Amino acid sequence: MQFHSLYFIIFFLPLTLLGYYLPAGKQTGRGKAAADWFLIAASFLFYGIANPWYPAMLAVLILLNWGIAGREKAAEAAGASRRSERWMAFGIVLNVCFLGFFKYTNFFLENLNVIFHQDWPLVHVLLPLGISFIIFSQISFLVDVRRGKIPGVLFREYVLFSAFFPKLSQGPITTMRDFLPELRKDNRFSLNYEEMAAGIQMFTCGLFKKVILADPLGTAVTQYYSLFSYRSNVDSLIVMLAYTFQIYFDFSGYSDMAIGIAKMLGFDLPANFNSPYRAGTVTDFWRRWHLSLTSFLREYIYFPLGGSRRGKLRTYVNIMVVYLVSGLWHGASWTFVLWGVFHGLFQVLERMLGKLYRKVWLPIRWCITFYFVSMMWMLFQSSSFSEFQRFRWHLKVDRSGYYSQDLAACFRISGVNFVMQHLPGIYSDGTILAVSTALFLGACFVICLCFPNNQKRKYKVNLVSLLLTAAMLIISMLSMSGVSTFIYNDF
Amino acid sequence: MRMKAKTWLRAFLILILAFLVMIGGFVVYLDPFFHYHAPLGGWYYELGEQRSQNDGITRHFSYDAMITGTSMSENFKASEFDALFGTHSVKLPYPGATFKEINDNLKAAFETHDSIRYVLRPLDYSHLAEDKDAMRQDMGEYPTYLYDRNFLNDVKYLYNRDVVFYYLLPMLEKRLKGEAGGITSFDDYASSYGDTCSKEKALEGITSFEVADEQMPLSEDEIEELKANLEQNVISLAREHPETTFLYFFPPYSAVWWGSLKQEGTLQKQIQAEQLATEMMLEETDNIQVYSFNAHTEIVFNLDHYKDSGHYGPEVNSMILNWIAEGDGRITEENQKEYFEKEAEIYLNYDYNQLFR
């Protein structure tokens, strides 16, 4: 099930809130436990609707990791620190193998075929929804248990941490260290009207971003590639912007919804975005984009490797390792690996240039950053490096300046047609569509650069927010017929 | 204006519930896709979404004959059919449909109607040797919520942007303007009368016809697939309903299409498939009348009747209706051998480059 489905909004979410707050409202130990188990059951149902095998897979992961964490704790309690560390290492390897089997088996086979000139058949492996997010959370759990940072975790608390449906399929990647205080908040089980209203507003903003902004942009991208060979430089530039905005509205929209739902249930999940397209450097971009992943990679890879404390060269190597892992985490393809490597290289370059680069006038640095990030998104979404190179050819070499109508039609705004009909002069359909495109993409820029970030702003409880939220929810609900899936589902 | 969070929540819930009840209620009451009931008097119903509206028409309309099939059936006029056969028909085309999709719709018709006298249906060559359970997955999201009896997924119909803005609101507008109620005529439904048909359109993108070195016959697997497809999606229903006459025809695609087959080396295969399907229908049932119009070379070789290599103009649909009513083009057990020999002779031996002259 997806957050942007009518089933979720009309049935699943209201029933879950009801089932959670009704027993919890009694404020007894039993009532609270019943509420948590209800939430766990709802989470498994949420996951199971996507595929009935997913909950079984999740249950296996939960039991295995709980067992390993138990061994870690027991060894630590017996004073056998090395044994505890070995259990942690075993757990990490097991989780990585789990992820590797589901996500990277065919990538591995494809590369072996190329290296050894073989024709070994690829295998059909079901890729569980959100597996990369789940595995990273599990690894952080095992490491934090070993570090003794999460004492006395109950099995119920751990299962809820692992299966909590708002963050299950696309994050934010949460550590037990951050989640445990939320689980143990005194007031979690009493309905907080302020938090509920804020959660609803946040969820609605995310839904609107996904359904009203990201999906038409996604249609344009699909349309562009359906006639790839015929595309001009203008088409290519527009689709590069379209994809850059699509992936942001799509993923940040999902995160808004996840954080909003969690808020409705009394949990505060960490923010995942902080207006990333305002960044003046690529390093700054990664301080604003997918914060929970950056934070995980910093905490569990960059710091253990020594971070920036072991000299410049080692720092550069560490950065490259982190972004190599990040690239590979995003997908089983060399395009993702290259995407990670290029992001790492650019940040190394920024570090090498140091103050010299920071002295460059901010608007110029912003343009360089935005262009680099956008170009890298095109690599990210390309099925192969040659496809990316073809895109670059269309962008740079084919200078026909022609803007395809089929692409422009994806940005059609009904009102623009009406307004232009009442302006002096006669405008062709092409002109109207070009104006619509400019308005649509212009609005995207304004939202990204000028509006306060959904995950950082304060939500007001007043008449304006009431009417705006209701209108946005109604428009989004009516727009859901035939909408697409989330890009980040496959990661 | 600041307000208490509790008040905000209450007001929000009331607004959303009001929206859900009002929009949902309107859709259920007016039901532009006929999912719950037949059209109401006094309202005008626009027909235009074939895959969304056909199931409702099938289950809730009153009729005793059906014109169904792929785009090859879109330009039939129900009124012409009724005049020739004395029926009260509905037209339910499914463009690009597989045999299964059309058969599923026919089954729904027989489940809800017990007096269907005629079914008119083209049997497209391209779908003959196809998996019996194949459905088109490449034509967008299928509105399964309109075909099953799961009330939960009806929310996709009740709160659907297209239903609300392109059907419900225009219905209200027409009603408020005092326009007469009714429904789009089944002559016009799904038709493409305005499309240009010409030799240039039929030959678009083709500069010459090569000839394949060899014309391939159907493989064993293809034969099995065709038999299973015909049995499940064509013959079994006719067998279950001996009271109904099934008027099934092979649509007369243009000579350009035949030329392309010859170029690909699949022409022999298509004729063999058509012949095998015909044999099966004639052997297994008495109530399927099989027609083929490929011997009408004055149509097939006159490219001005076509808007592409396969789709003919509405005048050909009218001719087909008249031919069927007269029994012209009917294949029987007696004439089938002779017919297919003639068809093979015409299409295997023709020099398709002559079409450019």
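**Cavities and their linings**

Modeller: In this predicted model, helix α16 of chain A, residues 362-381, gives the largest share of the lining of the second largest cavity, namely 4 residues.

Biologist: Which residues line the second largest cavity?

Modeller: The space in that cavity is about 30 Å³. The largest share of its lining comes from helix α16 of chain A. The complete lining consists of A:P276, A:Y277, A:A279, A:F285, A:W366, A:T369, A:F370 and A:V373.

Biologist: How many residues of each class does the lining of the second largest cavity have?

Modeller: Tyr and Trp count as nonpolar under the classes used here, and A:Y277 and A:W366 are among the lining residues. By class, the lining has 7 nonpolar, 1 polar and no charged residues.

Biologist: Which element gives the largest share of the lining of the largest cavity?

Modeller: The lining residues are A:F133, A:I134, A:S137, A:Q138, A:F161, A:S162, A:K167, A:L168, A:P172 and A:I173. In chain A, α5 (131-146), α6 (155-163) and α7 (165-168) each give two or more of them. The largest share, 4 residues, comes from α5(A).

Biologist: How many charged residues does the lining of the largest cavity have?

Modeller: Lys counts as charged, and A:K167 belongs to this lining. Beside 6 nonpolar and 3 polar residues, the number of charged residues is 1.

Terms used. Residues are numbered from 1 along each chain as its sequence is written. Chains are lettered from A and ligands numbered from 1 in the order in which they are written. This is a predicted model: local features need pLDDT of at least 70, side-chain atom pairs count only at pLDDT 80 or more; totals for chains, interfaces and linings use all residues. Side-chain values use heavy atoms; hydrogens and water are left out. On a 1 Å grid over the protein atoms alone, a cavity is a set of points where a 1.4 Å probe fits but cannot get out, and a pocket is an open set with protein on both sides within 12 Å along at least five of seven lines; lining residues have an atom within 4 Å of a point. Grid points are joined across faces, edges and corners, and a volume is the space filled by probe spheres set on the points.
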